[in-house]
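This report describes selected features of one structure, with attention to helix packing and to individual residues. The sequence and the model are shown first.

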Amino acid sequence: GPSHRRHASKKMPREGSSSVRAVVRLRPLLPFEVDAGHESCCQVADDRSILVRVGPSGHQWRKYVFDACLPDDRSQKQVFQDSGVVYLLDEALAGYAATVLAYGQTGSGKTYTMMGRSVSAERNNADEVKKSDGMIMRAARRLFRHIGEMSNARVTVTASFAEIFNAPGAVNECICDLLNPDAGNLQVRFSQKHGFFISDLAVMECTSIADVRSVLEAGMANRRVSAHALNRESSRTHALFALHIDCEKFAEDDGSSSPTRTYGKVTFVDLAGSERLKESLSEGNARKETQAINKSLFTLGQVISQLSQGRPERHVPYRNSKLTQLLQDSFGGSALCLMVTCISPPSAFAEETVNSLNYAQKAMNIQNTPILQLDEQQRVLLDLRSENAQLRRELQGYKHRFGALEGGYAEDAGPTRGGPTASVDVGDLR
């Protein structure tokens, strides 16, 4: 209803479309970059396009167009409102699965965009959203606000927080439950009903913004962080923070019909930095870690490239990494997906920036088919209802075209378009 649009957020271009959406966020030059004499090679031209200076002499500008481009002066609040995440959130509350991914090189602002800055120091009121809060906390506020306005529904919100990382000496990625790190390395399993999921992952019920904040902060404190040349607090891991929204809607009538249950979900993915090995001067263990963490990014790149070509007969290598298994629904599947590409402006990173923007452009070509997440019984019921509605529409169409058949033709049943007068034997219709 109209209440959806109350906190006026921009309507996204292609809002009705179910293709993967891509937005770009440019961060400002940092003080130390300015001191070192770095110059910016990026310029947001308008709401939807960004220019990047490329080529050896830096005289060429290349233009990229996305669903939205957010310049470096945008606040966390504006990014939340203008990125299209609000639309995904409303759909998740309505029973769809949605994914928001932050992609880009280390130090480009992915974690800040998604998780915000950890503010445990200013614990004055955990229920308020702070200036530096990222998408997760802002999404929580909007969600609980909406739930508070729903009179005829019972909604349960639970949160989970996992991390995909590389253990020393391990060939494949490992998965850690950030809310229960002692649980060890968790497995990705597959079920007909849920697709790929992490088994034995803890879920915490959240009834307020403060609950979501404490889950987020507890998990962030457990994230494996190893500093390297590009970023003091570099995240060499992928983090997946999910809000599950189970909603039981009661019919507005005399209560004769049973309530509808939907299972919405929104997953916020903070990917590891996408830079190439040589940039990070990582040695030894960190190098192996970069390789395997890059294995999942590399596989994600392959998945995006293959799907963007739209050739259905090609095998898509989802199973080659745990990350892409868990994102199978988000790319080419039944979820809605928003890719937030974070960009560092220094000219030194121009090549990396162009790589990131190329990926985002490919992602925009990927078509998803969002499916309402319902109980099995209700899925059948819904299918029957829509089939019934369609048959009724067809019948109405016949009645309209052929008038009341028993009483001869209605006056307006003149010649049908592009043909002689319609003559139908009533027997044919029975």
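In this predicted model, helix α5 (residues 135-149) packs against helix α6 (residues 209-222) at an angle of about 155 degrees, and their axes are 9 Å apart. Because of that angle, α5 is roughly antiparallel to α6. Angles under 35 degrees count as roughly parallel, over 145 as roughly antiparallel, 65 to 115 as roughly perpendicular and the rest as oblique. The axes are lines fitted to C-alpha atoms, for helices over the stretch in contact, and the angles run from 0 to 180 degrees between N-to-C directions. Helices (H or I, at least four residues) and strands (E, at least two) are DSSP runs, numbered from the N terminus.

The crossing of α5 past α6 is right-handed. A crossing is right-handed if the near helix is turned clockwise from the far one by less than a right angle, and left-handed if anticlockwise. On the α5 side, the contact (heavy atoms within 4.5 Å) is made by Ile136, Met137, Ala140, Arg141 and Phe144, and on the α6 side by Ile209, Val212, Arg213 and Leu216. By class, seven residues of this contact are nonpolar, none is polar and two are charged. Here Ala, Val, Leu, Ile, Met, Phe, Trp, Tyr, Cys and Pro count as nonpolar, Asp, Glu, Lys and Arg as charged, and the others, Gly among them, as polar.

Residues are numbered from 1 along each chain as its sequence is written. Because the model is predicted, local features need pLDDT of at least 70 and side-chain atom pairs count only at pLDDT 80 or more, while totals for chains, interfaces and linings use all residues; side-chain values use heavy atoms, with hydrogens and water left out.

Helix α5 also packs with α3, at an angle of about 45 degrees and with the axes 10 Å apart. At that angle, α3 is therefore oblique to α5. This crossing is right-handed. From α3, Val85, Val86, Leu89, Asp90 and Leu93 meet Met135, Ala139, Arg142, Leu143, His146 and Ile147 of α5. The contact of α3 with α5 comprises eight nonpolar residues, one polar residue and two charged residues.

How enclosed is α3 by the rest of the structure? Eight of its nine residues are buried, so α3 is largely enclosed. Buried means under 20% relative accessible area, exposed over 50% and partly exposed in between, with a 1.4 Å probe and protein chains only. The buried residues of α3 are Val85, Val86, Tyr87, Leu88, Leu89, Asp90, Ala92 and Leu93. Tyr87 lies in this helix, which spans residues 85-93, and has a relative accessible area of 17%. The C-alpha atoms of Tyr87 and Ala98, eleven residues apart along the chain, are separated by 9.8 Å. After α3 comes Gly95, with a positive phi near 115 degrees.

A positive phi is also found at Asp200, a residue other than glycine, where the value is near 65 degrees. Asp200 is located in the loop between β10 (195-198) and β11 (204-206).

The following table lists the accessibility of individual residues.

| Residue | Relative accessible area | Class |
|---|---|---|
| Cys206 | 2% | buried |
| Cys247 | 2% | buried |
| Ser305 | 16% | buried |
| Arg62 | 38% | partly exposed |
| Asp200 | 67% | exposed |

The structure contains zero disulfides, a disulfide being a pair of cysteine sulfur atoms within 2.5 Å.

Ser305 belongs to helix α8 (residues 284-308). Leaving aside residues up to four places away in sequence, Ser305 touches Tyr359 and Lys362. Arg62 is placed in strand β4 (residues 60-65). With residues up to four places away in sequence again excluded, Arg62 touches Ile50, Leu51, Val52, Val54 and Val354. From C-alpha to C-alpha, Arg62 and Val52 are 5.2 Å apart in space, and they are ten residues apart in sequence.

For the protein chain as a whole, there are twelve helices and 14 strands. Of its 430 residues, 47% count as buried. Among contacts between residues at least 6 apart in sequence, 69% join residues at least 24 apart.
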